[in-house]
Amino acid sequence: MINIMLVDDHRMIREGIKQLLEFEGDIKVICEADNGQDCMSYLTSGTKPDIILLDINMPVLDGIATLTQIRAGRHRVKVLMLTVHNEVEYLVKATDIGCEGYILKDASSEELREAIMAVNRGENYIQKKLVAELNNYLIHKNSDHDKIKTLTKREMDVLKLVAMGEFNKDIANKLDISERTVKNHIFNIFKKIDVSDRTQAAVFAIKNDLISIK
């Protein structure tokens, strides 16, 4: 028997998933929570599911923050993200934190069971239709990393300030260089990272965590 904790803020979704999972008798939902904080309370009070099915969008404490706390607390439980988010950035973030699986809510009941069985066996599971997107993302990520390595330290400084919305005059003052030199740096930066304007440069910097947006 595989014991499941189901964490989702929509009661009807939890009820539907529970019925699907328990139909064949080899999976049991032993606990339900409608937010991450309640999930953590159950875990710290001694509830021991084999797998947590964890939504991302929830009040109080969302799924990504909950996953972070689960791993920080060293709880011995496997986590399968079950979400509507098909953006690959969510998938990458969740796997980086340490989930064992990621599947969308539009998956069939058969695929959800397949994911649960795989995770229970100690395997990692990513929904099949997301694998190609993940591979494409990682290829582009590696390509961006190669572009970043071509930038000099001063070009990196300029790029960060451009991404923060600074004008050339302000960049020149902050770096104690001429405005003409700033323009030359920006020309070289655009060429090296393959962008055509300041907005694209800012997106590149943010996507690659060169600056943080609060």
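User: How many residues of strand β4 (residues 78-83) are buried?

Analyst: This is a predicted model, in which local features need pLDDT of at least 70, side-chain atom pairs count only at pLDDT 80 or more, and totals for chains, interfaces and linings use all residues. Residues are numbered from 1 along each chain as its sequence is written, and side-chain values use heavy atoms, with hydrogens and water left out. Buried means under 20% relative accessible area, exposed over 50%, partly exposed in between (1.4 Å probe, protein chains only). Strand β4 is mostly covered, and its buried count is 5 of 6.

User: Which strands stand at the edges of the sheet?

Analyst: Helices (H or I, at least four residues) and strands (E, at least two) are DSSP runs, numbered from the N terminus. The open sheet has 6 strands in the order β2-β1-β3-β4-β5-β6, with parallel pairing. Two strands pair if DSSP finds at least two bridges between them. Each edge strand has a single partner, so one side of it lacks a neighbour in the sheet; the edges are β2 (27-33) and β6 (125-126).

User: Which residue in β3 is the bridge partner of M5?

Analyst: Strand β1 (residues 2-7) pairs with β3 in the parallel sense, over 4 bridges. In β3, the partner of M5 is I52.

User: Which residue in β4 stands opposite I51?

Analyst: Strand β3 (residues 51-54) and β4 run parallel, joined by 4 bridges. Opposite I51, β4 places K78.

User: What angle does helix α2 (residues 36-44) make with β2?

Analyst: Axes are lines fitted to C-alpha atoms, for helices over the stretch in contact, and angles run from 0 to 180 degrees between N-to-C directions. Helix α2 lies across β1, β2 and β3; its angle to β2 is about 115°.

User: What angle does the direction of α5 make with that of β4?

Analyst: Helix α5 packs on the sheet and touches β1, β2, β3, β4, β5 (101-104) and β6. Contact means heavy atoms within 4.5 Å. With the direction of β4, α5 makes about 160°.

User: Which residues of α5 are buried?

Analyst: Helix α5 (residues 109-120) has 12 residues and reaches 16 Å from its first C-alpha to its last, close to the 16 Å expected at 1.5 Å a residue. After α5 comes G122, with a positive phi near 95°. The buried residues of α5 are E111, L112, R113, A115, I116, A118 and V119.

User: Are α1 and α5 roughly parallel or roughly perpendicular?

Analyst: Helix α1 (residues 11-22) packs on α5 at about 70°, with the axes 10 Å apart. The contact joins I17, L20 and L21 of α1 to S109, L112, R113 and I116 of α5. Angles under 35 degrees count as roughly parallel, over 145 as roughly antiparallel, 65 to 115 as roughly perpendicular and the rest as oblique. The pair α1 and α5 is therefore roughly perpendicular.

User: How many charged residues does the contact of α7 with α10 have?

Analyst: Helix α7 (residues 153-163) and helix α10 (residues 198-207) pack at about 105°, axes 8 Å apart. L159, V162 and A163 in α7 meet R198, A201, A202, F204 and A205 in α10. Ala, Val, Leu, Ile, Met, Phe, Trp, Tyr, Cys and Pro count as nonpolar, Asp, Glu, Lys and Arg as charged, and the others, Gly among them, as polar. By class, this contact has 7 nonpolar residues, no polar ones, and a charged count of 1.

User: Is D176 buried or exposed?

Analyst: D176 lies in the loop between α8 (168-175) and α9 (179-193). Its phi is positive, about 55°, although D176 is not a glycine. At 71% relative accessibility, D176 counts as exposed.

Note on methods. Expected span 1.5 Å × (residues − 1).
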